[in-house]
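The sequence and the structure come first, and the description follows.

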Amino acid sequence: MVTPQSNGVLLQWKTALETDSFGFEILRSMSSKRQDAVLATSSTIPAQGHAASYSFLDTAAQGQEPYYWLVEIAMDGTRTEYGPFAVKKADYVVWLPGVLR
């Protein structure tokens, strides 16, 4: 999930299983084009080795609406990219009660 915050953009993700995972990096682009992306994380976010929740606050993107790619780095150096993910605007959901007559 990618959500705007007053001090940047918050990225949150969960893993169900982390077999041979070394860690994660995050790439950012102001366009949806992967070739325009730059590294947003200053260092690799270490994998926890089990199902886990992660978050990263991108303060460099404050007031912007960038695109992101999550890069998983395996122990052998293999990189798997997920994305792009865009800033999610606030959604409002209204639940109406079921009425039977």
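## Ser 21 and the overall fold

Ser 21 is buried, as its relative accessible area is 5%; buried means under 20% relative accessible area, exposed over 50%, and partly exposed in between (1.4 Å probe, protein chains only). The model is predicted, so local features need pLDDT of at least 70 and side-chain atom pairs count only at pLDDT 80 or more, while totals for chains, interfaces and linings use all residues. Residues are numbered from 1 along each chain as its sequence is written, and side-chain values use heavy atoms, with hydrogens and water left out.

Ser 21 lies in strand E3 (residues 21-29). Helices (H or I, at least four residues) and strands (E, at least two) are DSSP runs, numbered from the N terminus. The side chain of Ser 21 makes a polar contact of 3.2 Å with that of Glu 72. A polar contact is a pair of N or O atoms within 3.5 Å; within protein, one must be able to donate a hydrogen and the other to accept it, and residues adjacent in sequence count only if both atoms are side-chain atoms. Beyond its neighbours within four places in sequence, Ser 21 is in contact (heavy atoms within 4.5 Å) with Ala 47, Glu 72, Ile 73, Ala 74 and Met 75.

The protein has eight strands and zero helices. Of its 101 residues, 34% are buried. Among contacts with a separation of 6 or more, 59% are between residues 24 or more positions apart.

## Strands E1 and E2

Strand E1 (residues 2-5) and E2 run antiparallel and are joined by four bridges; two strands pair if DSSP finds at least two bridges between them. A hairpin through two residues connects E1 to E2. Val 2 has Leu 11 in E2 as its bridge partner.

## Aromatic pairs

The whole structure holds three aromatic pairs. Rings of Phe, Tyr and Trp (its six-membered ring) pair if their centres lie within 6.5 Å; planes under 30 degrees apart count as stacked, over 60 as edge-to-face and the rest as tilted. The ring centres of Trp 13 and Tyr 54 are 5.4 Å apart and the planes lie at 10°, so this pair is stacked. Because Trp 13 is in strand E2 (residues 8-15) and Tyr 54 in strand E6 (residues 52-58), the pair ties together parts 41 residues apart in sequence. Trp 13 and Tyr 54 are both buried. Ring pairs link Trp 13, Phe 24 and Tyr 54 into a cluster.

## Salt bridges

How many salt bridges does a search of the whole structure find? The search finds three. A salt bridge is a side-chain nitrogen of Lys or Arg within 4 Å of a carboxyl oxygen of Asp or Glu.

| Residues | N to O distance |
|---|---|
| Glu 25 and Arg 79 | 2.3 Å |
| Arg 28 and Asp 58 | 2.6 Å |
| Glu 81 and Arg 34 | 2.9 Å |

Glu 25 in strand E3 and Arg 79 in strand E8 (residues 79-86) are 54 residues apart, and their pair links distant parts of the chain. Glu 25 counts as buried at 13% relative accessibility, whereas Arg 79 is partly exposed at 48%.

Arg 28 lies in strand E3 and Asp 58 in strand E6, so their pair ties together parts 30 residues apart in sequence. Both Arg 28 and Asp 58 are buried.

Glu 81 in strand E8 and Arg 34 in the loop between E3 and strand E4 (38-39) are 47 residues apart. Glu 81 is partly exposed, with a relative accessible area of 38%, and Arg 34 is partly exposed at 34%.
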